[in-house]
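Me: I've got a complex here that I'd like to talk through. Can you walk me through what it shows?

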Amino acid sequence: MRVVLNLSDLSSEHQPYVGGKAATLASLRQKSHNIPPTQVVPSYVYQEFLETTQLAGQIQVEMGRKDFSEMRWEEMWDASLRIRNLFQRTPLPEAIRSGLREQLNPDFLEKALVVRSSSSEEDSARQSFAGLHDSVVNVQGIKRLETAIITVWASLWSDRALLYRKELNLDPHRSSMAVVIQTLIIGERSGVLFTQNPNDKTTASLEAVYGLNAGLVDGSIEPDGWEISRANGAILKQRSVHRSSFMAADKHGTKKEKLPSSLENKPPLSASEIAAIFNLGKEIEICFGSPQDIEWTIQNSIIWLLQARPITTLNQDISDPRTGYLNLHRSFEELKTLRLKIETDLIPCMEHLATTMAQVNLQELSDTRFVNELNNRRESLDEWEEKYRTYCIPMAHGIRLFGTFYNDLCRPEEPFEFVQLLSGTGMKALQRNQALLELASQGLKNEDLEEIISGDDRFNDVTGNYKKSIVDLLSHFPKQPGAHKVSIQKNEQDRKHLEKHYLAKFSTDERDKGVEILELARASYRLRDDDNISLGKIRHQLDLAEKELQRRLKKATGQNLAVLAHAEAKETGFHASTRLGRDHSPHLLRSKHGQISVRQYQGQPAAAGIATGKARIIQQDSDLKTVETGEILVCDAIDPVMTFVVPLAGGIIERRGGMLIHGAIIAREYRIPCVTGIAEATNIIKTGDKVTVDGYLGLITIHRE
Amino acid sequence: MTDDIYNKVAELFQTQNLGVLATNLDGHPYTTLVAFAEEKNLKHLLFATSRATRKFANLGQDKSVSLLIDNRQNKADDFHEAMAVTVRGEATEISVNDKPQKLTIYLAKHPSLRNFVRSPNCALFSITVDCFIIVDHFQNVVELRP
């Protein structure tokens, strides 16, 4: 088997096996353009790898947990991480390894390389996968090359690539991946040329940075930009930026470095270089017959072409669908900025706002003042939900980024091992539960408990039925002597052990970086939950106002309320999220064809362990106080404000899927088996059913006679 | 959900010719491949066997059977794509009076077995279905009682 093909040997017959990128590079080479020495691992080698190692079947199992079309993004990410881990833990079969060693250009063993994707769907005129698959820059030595090839193959299954395929209705199981291996040209300046601006067909667009292109492509370095007339090459607009850093080759990989001060005020390209790159681009456009997106680098005044692909977004009414998926990629630098904003600005503001709202006695307000208060709360929630989407959700990507980083570094058997390393970071939800446990152990009367809870800021989203539920539940807590203390101690031991293992992977001079990355990931994990709780408090205050509106409307007095009567009350918080307009049909479903009962269903394994117990369906807040120790909670999702019930549960089944949703995080903290993503959970199970939760495999079993 | 599952079972039966029949003799399970045909409402499934076979002897002692019908293709895709239905029920031999009508159904699906089923030594059985246990997506299990 030819494991490696030379670019010079490629002809049209190879096109199906080498992907668009390699085919384009071969054409450019034929036209005598400066292309780095390049070889290609064809896609049939990828197929051989999948078949020989039986990885194909394992991927099918991971992707088969749910219909692809029904998967939420979180579930795709989870599946993607598991699949990436399978790839990383599977060595190349001997036939491929020996073929690679024998057929690889001997020079490549001595040089730094770039390993790029060239998937069968990639870079066609219909769709571009630009930026969706991985490239590995600065690979040295055969072992690292083998790992890099596997990393690029695995990126066919990245969450971004899966989402994009879902959008385009492409079957990921039919996708394949060739790999381009090039020598790394360490250019002094690099960039991207769009020979035709996607938004203006009369201009071309050029962007450039100092150093390697990796900084521009991953968005970590802001480029200078030029708009150029396609008609005569004249520079129409120039965008200068604050130049402070550049991407350099590191020992293995790349790193961001400070730009020498002499270059800070100097654009990366001169007018003559801009003209040369533009003219080269026009030539390539003519060669391929369509506008091109070209990556280039300049080394010792020579312009090297790294890759070219057709621009697929021309003449489209909609914006590039890739944009959203590319946004899933966040750098640690961006996350540091986000963390600061969330910790020092957003959460304190949300807490302050909720506390201020809680001080208003709604029932005492006149109708006019009440209407103002209600509208303010509605606007506030809209505003904070928008901020939550803009800042808090992207911050959660820090967990995912760390997961990938940790797995690349440690290659754990269990792909979600990293979550243990992030837990125990003092989440608000857990602090609240700890406070409740302490209250429970004091044997107070119910009236006293209600008073204490009312006077504690940590519980200012807990009122009405919730408060009653909590007080009822507290009487159950002492029945679990020390169980959760044990789990917390065990978590702590595991965490310390893993931390030691993780840090041992860094050399002495890199250890500080390892600590910094871990600290940021822990913040991301903690904030993922804390910001939810803070937002929940605002939501809860609006909920109270909406209820007050309903109360006043029933009385139907006053002019302002007559106006308000036309406004639809908003449903918020737990009350809304648990309804969602679904009908809760019984667990046994009848039709003209007979009676159907679900025996076993597959979701996602969100917290390890096995538990069997009586099911308790949670559909409304009054269900909370009926929960008994050891029962299996079955719900839409564990809302942050209902976390207090979790320590009583024997197991958890959630409709929403994902390893990093609130309920899954809390379940892991308490070591309670949890399965998520059982979309029909509240329909197929009824309270009282005997249910087994298998948190290892992500299975639930409903025991029937 | 109900119609959807029923239709999936019906489609599987239409597209498959063979199933694995399990019979029982003194607590020892015994499996063989049989050509089956389904009746319209899926409440009965038909298969034919020579009277000299082990399964025929077993059925004389214990009518309880299980029949596995699936669409696996022995490929990696099976873990994601394949569906299996285990039929649980009781198998009884079709009486002489009913045989012509049931044979019409059976031969419509298996015309090549015409000579086989007309042999005097061949018995036609009907499985009265108690329930279908349907497995798809590798581990999702649903029971349907027609």
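Me: What is the mean pLDDT of chain B, and what percentage of its residues reach 70 or more?

Reply: This is a predicted model, where local features need pLDDT of at least 70, side-chain atom pairs count only at pLDDT 80 or more, and totals for chains, interfaces and linings use all residues. Residues are numbered from 1 along each chain as its sequence is written, with chains lettered from A and ligands numbered from 1 in the order written. pLDDT is the predictor's confidence in each residue, from 0 to 100. For chain B the mean is 93, and the share of residues reaching 70 or more is 98%.

Me: Which element gives the largest share of the side of chain A that touches chain B?

Reply: The contact (C-beta atoms, placed from the backbone, within 7 Å) takes 22 residues from chain A and 19 residues from chain B. Helix 3 (55-63), strand 14 (588-591) and strand 15 (594-602) of chain A each give two or more residues to that side of chain A. The largest share is nine residues, and it comes from strand 15 of chain A.

Me: Is helix 4 of chain A oblique or roughly antiparallel to helix 7 of chain A?

Reply: Axes are lines fitted to C-alpha atoms, for helices over the stretch in contact, and angles run from 0 to 180 degrees between N-to-C directions. Helix 4 (residues 73-88) and helix 7 (residues 159-168) of chain A pack at about 130°, with axes 9 Å apart. Under 35 degrees counts as roughly parallel, over 145 as roughly antiparallel, 65 to 115 as roughly perpendicular and the rest as oblique. So helix 4 of chain A is, relative to helix 7 of chain A, oblique.

Me: And how are helix 4 of chain A and helix 6 of chain A oriented to each other?

Reply: The axes of helix 4 and helix 6 (residues 142-154) of chain A come within 9 Å and cross at roughly 155°. Therefore helix 4 of chain A and helix 6 of chain A are roughly antiparallel.

Definitions and conventions. Two residues are in contact if their C-beta atoms, placed from the backbone, lie within 7 Å. Helices (H or I, at least four residues) and strands (E, at least two) are DSSP runs, numbered from the N terminus.
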